[in-house]
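Welcome! Please keep the sequence and the 3D view open as you read.

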Amino acid sequence: MKRDIYDEDHEAFRGSVREFLERSVIPHVDEHAEAKAIPREFWLEAGKQGFLGLEIPEEYGGAGAGDYRFNTVLAEELSKVNAALGSCWGIHADITAPYLVELGTEEQKQRWLPGVAAGEILLAIGMTEPSGGSDLAALKTTAVRDGDDWVINGSKTFITNGYSADLVITAVRTSPEKKARGITLFAIPADAAGFSRGRKLDKVGQPESDTAELFFENVRLSDDHVVGEVDMGFIHMMQKLPQERLGCAISNLAHAKQIFEETVAYTKERTAFGAPIGTFQHNKFLMADIDTQIDVSQAFIDRCVELHDRGELTPVDAAKAKLWTSEIQNRILDHCVQLHGGYGFMNEYRVARAWRDARVSRIWAGSNEIMKELIGRDLGL
């Protein structure tokens, strides 16, 4: 089905993104996987192209696009290459940068945003803890007042960009007695005394993403590292989660759609019993179902993008988008593996890597069980 959310400017931007990916990224994806990291060269080149500053005003070195559809185009094209690329870019530019843009002081914006837009300061966000998972209100990392400073102790885990990040927006508990209303966000530089990283985590999929544990041992920071208001961190995070979940949904669907299109082409070429396997009724009907599911899902996601661009996307609709697309993504890719037969289980085939990479989408950004809880509460249950 023809999509109508984009105009000529968006499609021209898509062309620029594709040219960048074909020139600077796709030839090196195997190297990224082997190194278990996306190199700084990617970030610097993406910064030069203006792909890291869509959310950042021009006065701080960004593009100041003011139109979330440009973020959507970029997320779609990155996710067609692989899931990790969209995820790492999303954490840096689509999820974490807005905290600094919307909550940062003028001094903080001038200090960090030009480097963020240029790819010189790589961002990560530290929410998840070893014992907490999706329960953001149960944070154990603390910041305690000591004179004019804060002293931070604790740890975070499963942090995307964590091994190479220069600045981590970190949620810590500042007023334990207030529970969820006692959390504050700090911008913690990687060169701060007492900050350290664990090993790159050995994940089932997305090896290109440098996911790590982070540790804070008596990290001393002044008030000029507080992002937003003290004890308002949980509220700040809840306000930003709809964009994070919508970004996941956009990437989930684009990732699945790309691999499905490649699988359709494969079923036209692969023969068995004297005929292309795509002509067998079971396979033909299966792919007809998948194609329909993709179009229906795309219509909902496009509507969510339109609403978000107007500031009208609700947290519940964002949860639905994340829940639905991650389930659809995993279902579609499982079918694509099956349609490839034994080749679908070989790491040299993109479908196998995509199948592995997708599994985490039902866990991160709030597990799908949490999404169902949010939707159920909205039903009054």
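## Starting at a histidine

In which helix does His 236 lie? His 236 sits in helix α7, where helices (H or I, at least four residues) and strands (E, at least two) are DSSP runs numbered from the N terminus. This is a predicted model, in which local features need pLDDT of at least 70 and side-chain atom pairs count only at pLDDT 80 or more, while totals for chains, interfaces and linings use all residues. Residues are numbered from 1 along each chain as its sequence is written, and side-chain values use heavy atoms, with hydrogens and water left out.

Is His 236 buried or exposed? His 236 counts as buried because its relative accessibility is 6% (buried means under 20% relative accessible area, exposed over 50%, partly exposed in between, with a 1.4 Å probe and protein chains only). Not counting residues up to four places away in sequence, His 236 touches Tyr 99, Leu 103, Leu 185, Val 227, Gly 228 and Glu 229; contact here means heavy atoms within 4.5 Å.

## The nonpolar cores

A nonpolar core is a set of buried Ala, Val, Leu, Ile, Met, Phe, Trp, Tyr and Cys residues joined through side-chain atoms within 4.5 Å. The largest one here has 38 residues, and Phe 13, Leu 21, Phe 42, Leu 74 and Leu 85 have the most contacts inside it. At least two residues of this core come from each of α1 (8-24), α3 (40-48), α4, α5, α7, α8 and α9 (315-340). The largest share, seven residues, is supplied by α4.

Leaving aside its neighbours within four places in sequence, Phe 13 is in contact with Phe 51, Leu 54, Phe 70, Val 73 and Leu 74. There is also a second, separate core of 29 residues, which includes Val 116, Met 127, Leu 185 and Ala 187.

## The second largest pocket

Now for some open space. A pocket is found on a 1 Å grid over the protein atoms alone, as an open set of points where a 1.4 Å probe fits, with protein on both sides within 12 Å along at least five of seven lines; lining residues have an atom within 4 Å of a point. The second largest pocket holds about 400 Å³ of space, a volume being the space filled by probe spheres set on the points, which are joined across faces, edges and corners. It is lined by 20 residues, and the closest to its centre are Glu 55, Tyr 68, Glu 102, Gln 243 and His 308.

Two or more lining residues come from each of α4 (68-81), α5 (83-103), α7 (233-269) and α8 (281-309). Helix α7 gives the largest share of the lining, four residues. By type, the lining of this pocket divides into seven nonpolar, seven polar and six charged residues (Ala, Val, Leu, Ile, Met, Phe, Trp, Tyr, Cys and Pro count as nonpolar, Asp, Glu, Lys and Arg as charged, and the others, Gly among them, as polar).

Gln 329 is part of helix α9, and counts as buried because its relative accessibility is 2%. Its contacts, leaving aside neighbours within four places in sequence, are Asn 252, His 255, Ala 256, Ala 358 and Ser 361. Gln 329 and Ala 249 are 80 residues apart along the chain, and their C-alpha atoms are separated by 9.4 Å.

One of those contacts, Ala 358, is also among the buried residues of helix α10 (residues 350-358), together with Val 351, Ala 352, Ala 354 and Asp 357. The cover over the buried residues of α10 includes α5, α7 and α9.

How many disulfides does a search of the whole structure find? The search finds zero, a disulfide being a pair of cysteine sulfur atoms within 2.5 Å. For Cys 88, the nearest cysteine sulfur is that of Cys 248, 12 Å away. Cys 88 counts as buried, at 1% relative accessibility, and Cys 336 counts as buried at 0%.

Finally, visit two loops. Gln 206 lies between β6 (195-200) and β7 (212-222), has a positive phi near 50° and counts as buried at 3% relative accessibility. Phe 273 lies in the loop between β9 (271-272) and β10 (275-276); its phi is near 55°, a positive value in a residue other than glycine, and at 84% relative accessibility Phe 273 counts as exposed.
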